Amino acid sequence: MINWLALADRVIAGHELTDEEALAILDCPDEELLLLMQGAYNIRRTYYGNKVKLNMIINAKSGLCPENCGYCAQSAVSTAPVKTYKMVDKETLIRGAEEAYRMRIGTYCIVASGRGPSEKEIDTVVSAVKEIKERFGLKICACLGILKPEQAARLKEAGVDRYNHNINTSKEHHPNITTSHTYDDRVRTVETVKQAGISPCSGVIIGMRETKQDVINMARSLRILDADSIPVNFLHAIDGTPLAGTNELDPRYCLKVLALFRYMNPTKEIRIAGGREVNLRSLQPLGLYAANSIFVGDYLTTAGQEKSEDYRMLEDLGFEIDFAKEQQVVC
């Protein structure tokens with residue numbers, strides 16, 4: 001039996017989890033789950049107090065993706081019925097930012113499907129980001145696929161604060177999920193944005209038939225990559241995708257995964273992302289004792305819970321929304 005509170009104290013003091021300790025977290029007996037989460041909360045509170053960062057997505061380009069990612073309804077191999085449209089215009093991106101500002105969203109995430117952005121798409125994002133920064137002062141995260149160094153430099157100059165490119169799974173399991181790009185392609189994009197001076201965001205999808213060792217490898221790889229923000233998605237299997245019908249998760253295991261990522265990456269933003277509603281279910285509030293960030297509203301092709309429910313959940317927990325307003329809104 002591991003003393004979870006003592007392990008948390010050691011992590012705060014600088015200890016890096018061993019694989020044996022990481023596996024013990026994932027195998028934590030359910031009767032010890034609250035103690036495990038108390039340890040995760042002690043780590044979280046040390047670095048983030050009771051503040052919660054809110055994030056909102058705009059699906060700036062939907063479908064039309066040539067990649068074959070097994071989890072994605074927008075991929076070339078998916079038969080799921082999803083909206084398809086090219087990159088929205090600058091005005092649409094700015095309207096989304098205005099809504100995010102009104103909702104006290106700290107990070108506005110511009111997400112586009114595809115292998116990587118065209119120069120025209122970069123032009124649209126750059127132009128919109130400049131105006132969003134001037135009017136709302138929001139933190140901007142872009143997620144546009146595999147990025148070239150010169151594109152990263154343009155996004156940085158425009159004011160993009162963060163770039164998301166998930167590793168999604170472990171290097172070992174990656175070929176089972178997609179073959180149209182490699183795990184190393186994803187890592188290179190994370191390194192490219194870091195070199196451009198953009199904060200790196202990279203996360204995972206749990207529940208894609210991976211092993212517990214794969215989950216441990218994901219958490220450790222992100223520690224090595226030094227990702228500032230780590231979104232933890234839980235697979236919401238969609239009919240028409242290769243992973244349709246996969247249902248490996250239960251709420252208690254999801255909490256253990258969140259605890260692992262907090263113990264392994266104690267100083268980083270851990271964000272509960274896609275699939276939290278259908279996988280954590282009634283235990284969603286407990287997830288925020290390990291994580292310090294959530295998405296509000298809908299995801300790319302799946303619906304989130306009502307925004308009012310998210311705000312009520314934070315209020316009931318006694319947590320504070322982390323909204324650092326940089327400028328007054330100028331509509």
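Begin by selecting R252, which is partly exposed, with a relative accessible area of 35%. The model on screen is predicted. R252 forms a salt bridge with D30, and their closest N and O atoms are 2.9 Å apart. Colouring by secondary structure places R252 in helix α9 (residues 251-264) and D30 in the loop between α2 and α3 (33-48), so this pair ties together parts that are 222 residues apart in sequence. D30 itself counts as partly exposed, at 39% relative accessibility.

Next, select D19 and R220. Their side chains meet in a salt bridge of 2.7 Å, N to O. This pair also links distant parts of the chain: D19 belongs to helix α2 (residues 19-26) and R220 to helix α8 (residues 212-225), 201 residues apart. D19 is partly exposed, with a relative accessible area of 29%, whereas R220 is buried, at 17%.

The model holds 27 salt bridges in total.

Now turn to the annotated positions. Select C109, C141, C201 and R271, which an unreviewed UniProt entry annotates as "binding site". These residues span 163 residues in sequence, yet no two of their C-alpha atoms are more than 13.6 Å apart, so they gather at one spot. The lining of the largest cavity includes C109, C141, C201 and R271.

Within this group, centre on C201, in strand β5 (residues 199-201). C201 counts as buried, at 1% relative accessibility. Leaving aside residues up to four places away in sequence, C201 touches R162, Y163, N164, H165, S229, P231 and R271.

Move on to R271, in strand β8 (residues 269-272). R271 likewise counts as buried, at 2% relative accessibility.

Finish at the surface by selecting M1, L5 and L35. These residues form a nonpolar patch there, with about 340 Å² of accessible area together. M1 lies in the segment before α1 (4-12) and is exposed, with a relative accessible area of 86%.

Note on methods
Residues numbered from 1 in each chain as written. Predicted model: local features only at pLDDT ≥ 70, side-chain atom pairs only at ≥ 80, totals over all residues. Heavy atoms only, no water. Patch = residues over 30% accessible without salt bridge, like charges linked within 9 Å, V, L, I, M, F, W, Y side chains within 5 Å. Areas by Shrake-Rupley, 256 points an atom, 1.4 Å probe, with all protein chains shown as cover. Salt bridge = Lys/Arg side-chain N within 4 Å of Asp/Glu carboxyl O. Helix = DSSP H or I, 4+ residues; strand = E, 2+ residues; numbered from the N terminus. Buried < 20%, exposed > 50% of the residue type's maximum accessible area, 1.4 Å probe, protein only. UniProt positions renumbered as here; feature names shortened; annotations may be inferred. 1 Å grid on protein atoms, 1.4 Å probe; cavity = no way out; pocket = protein on both sides within 12 Å on 5 of 7 lines; lining within 4 Å. Contact = heavy atoms within 4.5 Å.
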